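Trainee: Before we start, I would like each label on this model set against its cut-off. Can we go through them one at a time?

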Amino acid sequence: MCHSRLNSLFLFFKDTGLHYDRYLREVIDFLEKDQHFREKLHNTDMEDIKQGKLAKELDFVSHHVRTKLDELKRQEVSRLRTLIKAKQDIEGGNDMAVDHQALLKQFEYLNHMNPHTFEVEDLDRLIKSATKDLENFDKERHEEFKRYEMMKEHERREHLKTLDEEGRKKEEEHYEEMKKKHADHPKVNHPGSQDQLKEVWEEADGLDPEDFDPKTFFNLHDTNGDGFFDEQELEALFTKELEKIYDPTNEEDDMVEMEEERLRMREHVMNEVDANKDRLVSLDEFLIATKKKEFLEPDSWETLEQNQAYTEEEMREFEEHLAKQEEDLNLKAVDLQKQREELERQQEQLNAQKIQLQQVGNHAIILFDDIYRTLI
């Protein structure tokens with residue numbers, strides 16, 4: 001039981017993609033080595049762990065573990081200071097004094113006021129920050145995808161402006177044809193439903209759909225055998241459905257959109273099945289889900305082409321923002337051109353002065369030479 005709970009904690013924070021991922025995993029790895037911490041973890045609910053209630057147990061871990069955590073924190077603070085200095089240099093502030101303490105405030109996952117020792121507050125901050133950042137991670141990916149889709153549409157509209165009437169007509173017809181071809185695909189099963197999983201059972205596993213058994217299915221696709229479906233294992237179950245919609249050899253199919261569809265499917269199943277919200281699906285959670293009406297008689301699944309990523313209002317604001325950026329860049333370009341012209345003018349003046357000085361020097365040499373000849 002303790003191993004299972006601890007494993008859940010590690011998997012929850014596995015390959016987070018966060019900029020402090022290595023520090024996070026190293027801290028958890030060393031805490032796992034402490035017997036007291038492992039025992040307390042056994043009796044702590046995952047929600048309490050995510051809220052940071054386990055952090056106070058840090059006061060009771062071994063001296064060796066505390067010493068190693070102190071070292072890890074000092075290394076992390078040093079890394080952040082290096083990043084801050086590099087950022088200052090890139091932005092042209094290498095001649096300015098850097099207030100590291102003020103800049104370290106932006107990194108909420110550690111207590112910057114004490115850069116030397118790892119304390120209860122550090123563990124509390126680390127778990128809470130990682131939990132919050134992971135919860136926002138998918139949201140940020142959706143926003144990034146929305147920007148991608150709006151930029152793609154913006155570039156299409158800008159291209160149309162460069163064409164004559166006949167060219168625009170042909171381009172619009174081709175665009176509509178591609179949309180129609182992309183939408184013309186086999187029915188997509190509701191992610192996580194009995195129909196969807198049976199299709200994997202039959203086509204990927206090569207088993208008779210009549211013999212479908214949820215527990216056997218879970219064990220087959222729990223590829224690392226830890227007793228959980230993590231996000232990667234769950235997303236792998238949707239490959240067959242995605243292949244119905246996307247083919248990398250087709251002009252009309254966008255692989256960036258395929259990854260967004262994969263993310264939507266995974267989020268949906270997690271919301272339906274992951275009862276304790278630990279970003280993992282246990283065997284018990286999976287088996288409970290297979291008895292629900294949503295599993296046996298699901299609604300139809302609406303794919304991305306049925307759910308536009310942005311509204312026209314968002315598109316308008318996006319294009320206004322792009323126009324403002326372009327205007328700012330043009331102003332900067334004009335200013336840089338003026339600076340260049342001024343530097344060239346100053347260089348010409350310096351060159352002219354240099355020539356004058358050389359001429360004066362030459363005249364002086366000739367004069368001194370004449371005086372010398374006269375004297376001798």
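Mentor: Start with the secondary-structure terms: helices (H or I, at least four residues) and strands (E, at least two) are DSSP runs, numbered from the N terminus. The model is predicted, so local features need pLDDT of at least 70 and side-chain atom pairs count only at pLDDT 80 or more, while totals for chains, interfaces and linings use all residues. Residues are numbered from 1 along each chain as its sequence is written, and side-chain values use heavy atoms, with hydrogens and water left out.

Trainee: What makes up residues 209-244, in helix and strand?

Mentor: The span is 56% helix and 6% strand, and its end C-alpha atoms lie 19 Å apart. UniProt lists these residues as "domain: EF-hand" in an unreviewed entry; such annotations may be inferred rather than shown by experiment.

Trainee: What does the UniProt annotation "coiled-coil region" cover?

Mentor: Residues 308-363, again from an unreviewed entry. In the model that span is 93% helix and 0% strand, with 80 Å between its end C-alpha atoms.

Trainee: How do you know that the end-to-end distance of helix H16 agrees with its length?

Mentor: The expected span is 1.5 Å times one less than the number of residues. For the 64 residues of H16 (residues 312-375) that gives 94 Å, and the end C-alpha atoms are 94 Å apart, so the two agree.

Trainee: Which residues of H16 are buried?

Mentor: Met-315, Phe-318 and Leu-322, where buried means under 20% relative accessible area with a 1.4 Å probe, protein chains only. They pack against H7, contact being heavy atoms within 4.5 Å. An α-helix has 3.6 residues a turn, so residues three or four places apart point the same way.

Trainee: Why is Thr-162 called exposed?

Mentor: Exposed means over 50% relative accessible area. Thr-162 has 60%, so Thr-162 counts as exposed. Thr-162 is found in the loop between H7 and H8.

Trainee: What makes something a pocket here, rather than a cavity?

Mentor: On a 1 Å grid over the protein atoms alone, a cavity is a set of points where a 1.4 Å probe fits but cannot get out; a pocket is an open set with protein on both sides within 12 Å along at least five of seven lines. Lining residues have an atom within 4 Å of a point. The largest pocket has a volume of about 890 Å³. Of its 27 lining residues, the closest to the centre are Glu-149, Lys-152, Tyr-175, Lys-179 and Glu-257. Helix H7 (120-161) and helix H8 (165-183) each supply at least two lining residues.

Conventions:
Points joined across faces, edges and corners; volume = space filled by probe spheres on them.
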